[in-house]
Amino acid sequence: MTPQGNDIDRQAAEWAAKGTDLSASAQAELNAWLDADLRHLGAFLKANAILVRIDRARQLPAADRAPASVLSRRRLLLIGSIAASLAVIAVGVDRFWDRTHEDVYATQLGETKLVALSDGSQITLNTSSKAIVRYTTERRGITLVEGEALFDVAKNKARAFVVEARGIEVRAVGTSFSVLSLPGRPFEVQVREGVVRIERPHAQPFLLPATKRATIGPDGAVTIEALTATTLAQDMAWQSGHIFLQNRTLASAAREFARYSRTQIILDDPAVANSTVTGLYQSSDPVGFAKAAAISLDLNVDVKDHEVRLSHKGP
Amino acid sequence: MPALRPPTHKTIAADRAAPQNRAAMTLDKVHARAVWIEKNLLPYEQDIRAWLRLHRTVGLEIDDIVQEMYAKIGSLDSFEHIRDPKHYAFQVAYSILLNFVRRSQIVSISAVGDLSELNVASLEANPEERASLRDDLREINNAIATLPKRAQEVLKLRRIEGLSQRETANKLSIGEKAVEKHLARAVTMLMDHFGRGGGKGTPRLSHNSEYPNSDDENDDSAG
């Protein structure tokens with residue numbers, strides 16, 4: 001490489017690094033520099049082409065990216081403080097490559113995952129859930145493909161944080177909210193802090209403030225209810241690997257446990273299915289739950305591989 | 001027979017002063033042009049350089065030709081008529097070389113040969129080759145991974161997360177000037193990487209020695 005050519009490239013890179021938002025005097029200086037020599041313009045165009053190439057690399061699918069580098073100390077501390085209560089943790093790695101244009105995060109049955117996003121926001125994914133993260137300079141876009149997730153959003157007014165699921169958009173600035181999108185269940189948004197804006201096709205958008213829950217049925221009907229601090233905490237029990245049940249029928253408890261475990265709770269008798277229970281249970285332990293329910297309701301428990309059966313005690 | 005007189009840099013610079021080329025080039029147009037160049041010219045710069053090395057001539061640097069090639073094509077009113085950018089880029093590089101030879105009166109034009117000698121048909125990239133050159137995003141990833149750590153951090157915050165220069169500076173606890181410097185350094189090194197070598201294989205920054213120990217934390221003083 002000639003020193004001359006390299007000098008021009010370097011100057012061009014310096015101009016390109018300044019971006020397009022130049023002061024009037026800088027703009028004049030750049031014009032003068034570009035006018036001085038045709039090679040300057042060529043190098044300047046190439047420098048900008050390099051920036052385009054850098055930006056383009058954001059498209060690299062997560063699976064193709066280079067292996068993760070070592071986690072920073074700060075993140076390790078973060079992990080240390082939460083690890084005890086979470087089954088599995090995935091944390092975005094430091095190499096910027098690994099958290100860029102489109103990242104897919106998913107949890108298996110019974111798994112909970114904390115995802116640290118590049119802007120400081122966090123997603124906590126509940127069991128069998130999948131989210132796609134698409135960050136651009138203007139928008140922090142998340143698609144909740146299925147399942148349930150809690151979003152702790154770092155404040156940035158210039159860059160909206162938008163969660164999309166089933167065509168519904170939940171838009172936030174700096175807040176904490178959860179979204180539940182499961183087949184056969186109404187769409188649910190709960191706001192812990194701040195306020196979110198919910199937008200749906202062919203409907204007026206509406207604001208949902210903190211400590212409120214919006215339930216959107218398949219017909220589009222919206223129900224909004226207030227949540228006490230206690231119910232909010234209970235609904236977020238999944239974050240620590242628990243299921244909170246309050247006066248829930250065994251049938252609905254069985255459905256809830258089925259979200260987390262392959263072991264099915266089988267209820268043959270409708271009378272058994274309609275008995276109600278209250279308590280805080282380990283989401284990964286349907287058998288433990290069934291045994292506890294059997295004791296309090298005086299039922300028989302029959303544990304087999306991948307199933308636990310609750311029934312009336314025989315004569 | 002005219003005297004063999006290598007052109008001085010001054011005369012070349014005078015030839016290259018071309019405000020009319022820049023006049024049409026407002027900054028908002030630069031991005032659109034850069035997008036086209038990234039896709040259609042950058043992948044072939046190494047091939048063009050390889051060909052130019054075979055026709056090296058006294059007093060003419062390959063870097064000069066390549067920069068002029070980018071300037072001439074990049075300042076066209078439109079790229080629509082360019083069906084085969086690789087072929088076109090070779091033609092432009094060839095005409096720059098030819099002009100130089102004519103001006104300098106050093107060697108006869110026949111010494112350079114005519115365009116047919118380029119055998120441009122064989123140079124045309126097949127679709128697969130073009131796709132692999134352009135779409136090897138992993139290669140971009142690898143190239144960036146070889147940059148100094150600070151430069152990578154700045155690239156991440158500025159280009160990927162879209163932070164402003166000031167926000168980037170605050171986040172890294174360095175000065176704004178240092179942010180600009182690191183970004184410029186990253187761009188310079190990648191210009192070298194993608195234009196001159198290493199773009200099609202193992203990442204290789206051929207001029208690392210210019211950036212001793214790369215990290216150069218001294219640059220990070222607030223500025």
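Two residues are in contact when they have heavy atoms within 4.5 Å of each other. In the predicted model described here, residues 24 or more positions apart account for 67% of the contacts in chain B with a separation of 6 or more. For chain A, among contacts between residues at least 6 apart in sequence, 45% join residues at least 24 apart.

The two chains were also described by their secondary structure and burial. Chain A contains 8 helices and 18 strands, and 50% of its 315 residues are buried. Of the 223 residues in chain B, 51% count as buried.

The largest nonpolar core consists of 69 residues. Within this core, the residues with the most contacts are A:Phe44, B:Met69 and B:Ile73. Leaving aside residues up to four places away in sequence, B:Ile73 touches B:Trp36, B:Leu41, B:Phe79, B:Ile82, B:Tyr88, B:Ala89 and B:Val92. Another core, of 30 residues, lies apart from the largest one and has A:Val163, A:Val170, A:Val179 and A:Val196 among its members.

Two helix pairs were examined in chain B. Helix α4 (residues 45–54) and helix α5 (residues 62–74) of chain B pack at an angle of about 135°, and their axes are 10 Å apart. Because angles over 145 degrees count as roughly antiparallel and those from 65 to 115 as roughly perpendicular, α4(B) is classed as oblique to α5(B). The crossing of these two helices, α4(B) and α5(B), is right-handed. On the side of α4(B), the contact is made by B:Glu45, B:Ile48, B:Arg49, B:Leu52 and B:Arg53. On the side of α5(B), B:Ile62, B:Asp63, B:Ile65, B:Val66, B:Met69 and B:Tyr70 take part. The residues of this contact divide into 7 nonpolar, no polar and 4 charged. B:Met69 of α5(B) is also one of the residues with the most contacts inside the largest core.

The second pair in chain B is formed by helix α12 (residues 165–172) and helix α13 (residues 176–196), whose axes come within 8 Å and cross at roughly 100°. The helices α12(B) and α13(B) are therefore roughly perpendicular to each other. In their contact, B:Gln165, B:Arg166, B:Thr168 and B:Ala169 of α12(B) meet B:Glu176, B:Val179 and B:Glu180 of α13(B). By class, this contact has 2 nonpolar, 2 polar and 3 charged residues.

In chain A, helix α6 (residues 250–258) and helix α8 (residues 286–297) pack at an angle of about 165°, with their axes 11 Å apart. The two helices, α6(A) and α8(A), are therefore roughly antiparallel to each other. Their crossing is right-handed. A:Leu250, A:Ala253 and A:Phe257 of α6(A) make the contact with A:Pro286, A:Phe289, A:Ala293 and A:Leu297 of α8(A). This contact has 7 nonpolar, no polar and no charged residues.

A:Glu29 is found in helix α2 (residues 24–36) of chain A. Its relative accessibility is 52%, so A:Glu29 counts as exposed, the cut-off being over 50%. A:Glu29 and A:Trp15 are separated by 14 residues in sequence and by 10.0 Å in space, C-alpha to C-alpha.

Technical notes. Residues are numbered from 1 along each chain as its sequence is written. Chains are lettered from A and ligands numbered from 1 in the order in which they are written. This is a predicted model: local features need pLDDT of at least 70, side-chain atom pairs count only at pLDDT 80 or more; totals for chains, interfaces and linings use all residues. Side-chain values use heavy atoms; hydrogens and water are left out. A nonpolar core is a set of buried Ala, Val, Leu, Ile, Met, Phe, Trp, Tyr and Cys residues joined through side-chain atoms within 4.5 Å. Buried means under 20% relative accessible area, exposed over 50%, partly exposed in between (1.4 Å probe, protein chains only). Axes are lines fitted to C-alpha atoms, for helices over the stretch in contact, and angles run from 0 to 180 degrees between N-to-C directions. Helices (H or I, at least four residues) and strands (E, at least two) are DSSP runs, numbered from the N terminus. Angles under 35 degrees count as roughly parallel, over 145 as roughly antiparallel, 65 to 115 as roughly perpendicular and the rest as oblique. Ala, Val, Leu, Ile, Met, Phe, Trp, Tyr, Cys and Pro count as nonpolar, Asp, Glu, Lys and Arg as charged, and the others, Gly among them, as polar. A crossing is left-handed if the near helix is turned anticlockwise from the far one by less than a right angle, and right-handed if clockwise.
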